[in-house]
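Colleague: Please walk me through this model, starting with the overall picture.

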Amino acid sequence: MAYSHLLCPPAPGSTPHPVGLMESPHPRNCVVDYIIHHYAFTVNGCRFTDSFGRQAGTCSRSAQGLFGVPELSAPEGFRIAQETALRKADELVERVCSMPPGPQTVAIFDELSDSLCRVADLADFVKLAHPEAAFREAADEACRSIGTAVERLNTNVELYQSLQKLLADKKLVDSLDPETRRVAELFMFDFEISGIHLDKEKRKRAVDLNVKILDLSSTFLMGTNFPNKIEKRLLPEHVRQHFEPAGDHVVVDSLHAEAPDDLVREAAYKVFLYPDAGQLQCLEELLSSRDLLAQLVGYPTYAHRALQGAIAGNPETVMQFLEKLSDKLSERSNDDMILQSDHVSLWPEWALKRDGIPGVRTLVLTWLEELMPWDPPYYSGVIRAERYNIEPSLYCPFFSLGACMDGLSVLFHRLLGISLHAEQPVRGEVWCEDVRKLAVVHESEGLLGYIYCDFFQRADKPHQFGAHPVQVTKPVDVEGVVLTQEGPGKHECPVPLAVSISSICCGLSSVHGFGDCHFTIRGGRLKADGDYQLPVVVLMLNLPCPSRNLPTLLTPGMMENLFHEMGHAMHSMLGRTRYQHVTGTRCPTDFAEVPSILMEYFANDYRVVHQFARHYQTGQVLPRSMVSRLCESKKLCAAADLQLQVFYAALDQVYHGQHPLRRSTTDILRDTQEKFYGLPYVPNTVSLAFRPCVCH
């Protein structure tokens, strides 16, 4: 749920802050010891073990609730937290509406925003990430309750007038400091795009539409989480062994884009992206509702509303930019495609064809020499590995998790005077025993905030792309299909195919889904008593778990993602603004990725990498030549990768453009792909543009 209106600005690339987080004593343990708490790692030739001297999950302090919030020791605590926040919101609204305008008006608005966001943002994370269904359901209800209250406040005329009186008084405005004035203007902007200028009946309609959009977005997001299933007997043995077994089925939960077997990649692509009618209907209703809201509050399209205040300004400018970029990329991306095609030998394609028997179709395996959408991730990797000898297995031993965290700590200390320290969570503070808590400490300013590190894969963890896995209850059955294998050296082998699919996974840019990601749990702000409310964030990755004899080893891509997400976290720690409405990643979306992209440059600079990248067994430093080859390899097929992103962006613009849409969302997908991407659309699939990326 994205609270993009008055009271909860979005934290781009994340969700959302905890209620009354109890600050812990100053930390003492080093970050490397902490990260390896229950496990032993070898970093820089040194062996680290549990620095706490007790089993994971135990603690020396009394039990508390999630993120230190006492009420959240049980799911019922969300109801208490939301009721407390709503009561406080009513008190703040009454206070600000009865006082004369001045700088305190903005401070109360920000406190109002914070009181609601501290519940909504924490709940927004918990409903996605908590392993227990009761917690997820309670958090989801809290999100809906607070979200509805937010939308009503966005159209509260009396509240709006209290701010308008301030901004209409030039003398008062001139007396405001730049930060206070900017925050006041942002609050006013949120009122305006929410329809505060409408009459009472239309304002109510706007609130109803916003609440409907929140509900549809939540439903849509949860629908992206289902893995797809197929009966194992219906796949050739050499194909099905690549998918996780589940009784009589196998689970297709990703694109398996790195599988060397072309059939495995193709099968995964077509099953994983098979469209679900219910999810597509939800998408179309969501797009329609957004358009109705935009037009109700005075915008031609939802895209115009969403881009108001952004650098681009309007969708016409965005589409013009995308078209020019696509034209400039076309020659280079075509070269990339040709380069990859050169590595494609005869390979099979499954295609549905009519048999001449009414209602019966045959899945025919034909053989082609054409690059298809499931090929680029694999073949670009092959080309990079062949040309630059950058097989991930050569690099992983140098990138143990302990070494990478040590490198980040050293980098932050040298650049910013910041150290990462370990704290032992109390019982009930975290949602899984392998979640680590880091305190971010500045050499002169002291404690800046907390980072909760949820790094390791686990069965009950939200899949990299969305919400918590939900048990499939009613599979979708593709109509009677027969798979006939044909091709050079192949024999006829009819196999009936009935694909059981729980849902398509769709994710538009403004519907939150996540892979490796950063969640803002609470934003920093200066409180009325002069203390600073410390920011709290979660970093969620999907790294392999360590074993007794082997630490967690990262591929170069995993290491770069860790640096990227830590850039978001440090943005939240260092953005120490007076108002939480603009703290850290609660900045303009155009800027939100700058610190994290900057961290990627550090992750690819030998002057940084050689200080921590050491072989976990021998202590050997990663050779400069290996770093150079890795950096050079990223230039290969970069144009084709960027062309794919252009396609995604263009599709988003078309979906949120003029309504009613002239064709189905799937037809629009096909046409947009043909215009902006060089590979053919595969019938009976939704594009990966509809799914957050899961390419393992």
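**Fold, burial and cavities**

Modeller: The protein has 23 helices and 19 strands, taken as DSSP runs (H or I over at least four residues for helices, E over at least two for strands) and numbered from the N terminus. This is a predicted model, in which local features need pLDDT of at least 70 and side-chain atom pairs count only at 80 or more, while totals for chains, interfaces and linings use all residues. Residues are numbered from 1 along each chain, and side-chain values use heavy atoms, without hydrogens or water.

Colleague: How much of the protein counts as buried?

Modeller: Of its 696 residues, 57% are buried (under 20% relative accessible area with a 1.4 Å probe and protein chains only; exposed is over 50%, partly exposed in between).

Colleague: And where does Leu415 sit?

Modeller: Leu415 belongs to helix α16, which spans residues 401-416, and is partly exposed at a relative accessible area of 49%.

Colleague: Switching to cavities, what lines the largest one?

Modeller: Its lining includes Tyr395, Phe399, Met559 and Asn604 (a cavity is a set of 1 Å grid points where a 1.4 Å probe fits but cannot get out, and lining residues have an atom within 4 Å of a point). The volume of the largest cavity is about 40 Å³, counted as the space filled by probe spheres on the points, which are joined across faces, edges and corners. By class, 8 lining residues are nonpolar, 1 is polar and none is charged.

Colleague: What about the second largest cavity, by class?

Modeller: That lining has 1 nonpolar, 7 polar and 1 charged residues, with Arg522, Gly523, Pro535 and Thr583 among them, around a volume of about 30 Å³. Here Asp, Glu, Lys and Arg count as charged, Ala, Val, Leu, Ile, Met, Phe, Trp, Tyr, Cys and Pro as nonpolar, and the others, including Gly, as polar.

Conventions. 1 Å grid on protein atoms, 1.4 Å probe; cavity = no way out; pocket = protein on both sides within 12 Å on 5 of 7 lines; lining within 4 Å.
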